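Me: I would like to learn how the terms used for a protein model follow from their definitions. Could we go through them one at a time?

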Amino acid sequence: MSEWVDACAEDELDEEDVMPFDHGGRRYAIYRSPEGDYYCTDGLCTHERVDLAGGLVIDHVIECPKHNGQFDYRTGAALRAPVCEDLAIFPVKVEGGRVLIRL
């Protein structure tokens with residue numbers, strides 16, 4: 001059964017930024033889009049399990065810091081080699097200034 005988990009405050013994340021979030025022994029990545037919307041994906045690249053929080057975010061794309069593979073963080077879609085497997089995505093909502101993720 002899924003649950004909503006408090007991940008961070010809204011103001012902890014700038015637009016076009018990413019931050020790591022650990023819960024239940026798993027790493028997630030939380031993003032804030034240029035429009036100010038929040039998204040969440042698996043926190044490790046599907047290619048070599050590198051932490052995506054160290055990557056570059058431009059528009060709606062996260063670039064893995066190791067081999068420059070890219071994902072659309074809104075959909076999890078793999079966009080550029082060497083990644084070929086999509087990221088899992090998780091629903092996000094904001095309540096009372098807090099970013100919540102359904103895990």
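Me: Why is glutamine 70 called buried?

Reply: Buried means under 20% relative accessible area, whereas exposed means over 50% and partly exposed lies in between, with a 1.4 Å probe and protein chains only. Glutamine 70 has 18% relative accessibility, so this residue counts as buried. The model is a predicted one, in which local features need pLDDT of at least 70 and side-chain atom pairs count only at pLDDT 80 or more, while totals for chains, interfaces and linings use all residues. Residues are numbered from 1 along each chain as its sequence is written, and side-chain values use heavy atoms, with hydrogens and water left out.

Me: Which residues does glutamine 70 touch, not counting those up to four places away in sequence?

Reply: With contact meaning heavy atoms within 4.5 Å, glutamine 70 touches Val61, Ile62, Glu63, Ala77, Ala78, Leu79, Arg80 and Val83.

Me: What makes the pair of glutamine 70 and glutamate 63 a polar contact?

Reply: Such a contact is a pair of N or O atoms within 3.5 Å, where within protein one must be able to donate a hydrogen and the other to accept it, and residues adjacent in sequence count only if both atoms are side-chain atoms. The side chains of glutamine 70 and glutamate 63 make this contact at 3.0 Å.

Me: Where is glutamine 70 placed, and how many strands are there?

Reply: Glutamine 70 lies in strand 7, which covers residues 70–72, and the protein chain has 11 strands and 0 helices. Strands (E, at least two residues) and helices (H or I, at least four) are DSSP runs, numbered from the N terminus.
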